[in-house]
Amino acid sequence: MKRLIAAAVAGLAVVVAAPGLGAAAQTRAAVSMGSQSQLINLPRGSSMAIDLPADARDVIVPNPAVAEAMLHSPRRITVIGLAPGETDAVVLDNAGRTILSLRIRVDAGVSALQDTLDRVMPGSRVRAEAVNDSVILTGLVSSPGEADRASQVARAFVSAPEKIINMMTIEGSDQVMVKARIVEVQRTAIKQLGLDVDAVLSSVGDGLSFSQNATFAVSGSQLGGGILNFIDRSGDGNVLDTNLRAFERAGLVRILAEPNLTSVNGENAEFLAGGEFPVPTGRSVDATTGQVTVGIEFKPFGVRLAFRPIVLSQGRISLQLSTEVSELTTAGAFTLGGTADDGLVIPALNVRRASNTVELPSGGSLMIAGLLREDTRQNIDQLPGIGDLPVLGTLFRSRDYLSGETELVIIVEAYIVSPTSPGRLQTPADGLQIANDAQTILFGQLNQHYAPRDVAQAAPGSGWNGPVGYVIE
């Protein structure tokens, strides 16, 4: 404890001196005397000078680690803030009576932080306040990006990031609409060419039988095509039955999804067009009844889009994007409790997945491409020896060929949007009038009228031009 000599006075004044400030920047305030404690906030590293009109005797500071008192003259004492915290200070006269009782609260000090915020973020309305060793940020900011920059600056003035308390208010939360086009094209080609030969030669010894059939090991049994049958029956009981089996197929599959999602700045949004398939997660048996209970969990598949937008300054958008296209397949499937014919088959998934974080302006777009897959399989069955002959060996060979190509392209556009009036929005049912029974029976019509409701009443030249709207088949 610090003991300073002073005398009882009828009143006193307080002078607060911040580090690095001259006497012209000091402020003076009146403090009443008495035994009632008075609160004084003191930034860390700053001092408070108390001028007394008479001499004092003692100054007691219980916690010198937080603040200390120094005697400059019999009429002045100075309190210096050392560390964040709170302590008391009592000033006594010669008779031991209390002249002044103070509660000293020392905080982290934010003058340097406030100067830095005003310099690096000119025009901002962010204010920093200190509470013990923590800093509270208040004020109005235009975007979450501005609030994040203020928090990053404040972290440099505290010992740990959790000592920053963000209480800033965002003027208006931006909403971001993401328009995505997910296009997947699958091309397949299957070719089968085989020769089935069944021959019976009764003139050779006791009779000779010969048979060769195409297996088509790659694509399975014959899928279609044509069969040419050649039968040669000689009079002596010799029979030659030959089938030429040829098949060729080309397939094209196009998967297209165009989800439009809108999310508040900083919030997640997700879209799924597909379905869910059940997957067993566990099994339990009732000891009394013997009843078996199987737990089921559903796994999603299809076209999925998830994103989280963060609006930065000047209308730029930081977009965390995740897209996925998946489909059920038997390749890699799991069979539970038997074979594929009588057991429980849990299908596998073919997945095309992409996840990235990009930055783009409002109205900008990006493309994710290069997600290619090519699968080629070919199989040749032949009769050993004879199938290797240059020309004649073709009659004893069967070929099965399968080729598959998949290409996935994702185009994403991001916009900063705002709500609009309900009258400017349309649905596929607007302007649709279902035909009555007479029109359906006599003329084969499904709909009586289809057009936007307000087009007929709109002013000339103010409506849509060209083929617009939805088509219902």
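This is a predicted model: local features need pLDDT of at least 70, side-chain atom pairs count only at pLDDT 80 or more; totals for chains, interfaces and linings use all residues.
Reader: What about residues 1–30?
Author: pLDDT stays under 50 there too, but the model has 87 contacts beyond four places in sequence for residues 1–30. The chain averages a pLDDT of 77, and 82% of the residues score at least 70.

Reader: Which residues touch the most other members in the largest nonpolar core?
Author: Phe-307, Leu-321 and Val-412, out of 23 residues. Such a core is a set of buried Ala, Val, Leu, Ile, Met, Phe, Trp, Tyr and Cys residues joined through side-chain atoms within 4.5 Å. Buried means under 20% relative accessible area, exposed over 50%, partly exposed in between (1.4 Å probe, protein chains only).

Reader: Which strands supply at least two residues each?
Author: Strand 14 (175–201), strand 20 (292–311), strand 21 (316–336), strand 22 (344–361), strand 23 (365–382) and strand 24 (397–417). Helices (H or I, at least four residues) and strands (E, at least two) are DSSP runs, numbered from the N terminus.

Reader: What is Val-412 in contact with?
Author: Leaving aside neighbours within four places in sequence, its partners include Val-178, Ala-180, Leu-319, Leu-321 and Leu-366. Another core, of 19 residues, lies apart from the largest one; Ile-50, Val-59, Leu-102 and Val-106 are among them.

Reader: Switching to helix 1. Which residues are buried?
Author: Leu-113, Gln-114, Thr-116 and Leu-117, within residues 111–120. They sit on the same side of helix 1, because they cover an arc of only 160° around the axis. The arc is that of the directions from the helix axis to the C-beta atoms.

Reader: What covers them?
Author: The cover includes strand 10 (125–131), strand 11 (134–141) and helix 2 (144–155). The face turned away from the buried side carries exposed Ser-111 and Arg-119.

Reader: Last one: what lines the largest cavity?
Author: Glu-184, Val-325, Ser-326, Glu-327, Asn-350 and Arg-352. Strand 21 gives the largest share of that lining, 3 residues. A cavity is a set of points on a 1 Å grid over the protein atoms alone where a 1.4 Å probe fits but cannot get out; lining residues have an atom within 4 Å of a point.

Methods
Residues are numbered from 1 along each chain as its sequence is written. Side-chain values use heavy atoms; hydrogens and water are left out. pLDDT is the predictor's confidence in each residue, from 0 to 100. Contact means heavy atoms within 4.5 Å. On a 1 Å grid over the protein atoms alone, a cavity is a set of points where a 1.4 Å probe fits but cannot get out, and a pocket is an open set with protein on both sides within 12 Å along at least five of seven lines; lining residues have an atom within 4 Å of a point.
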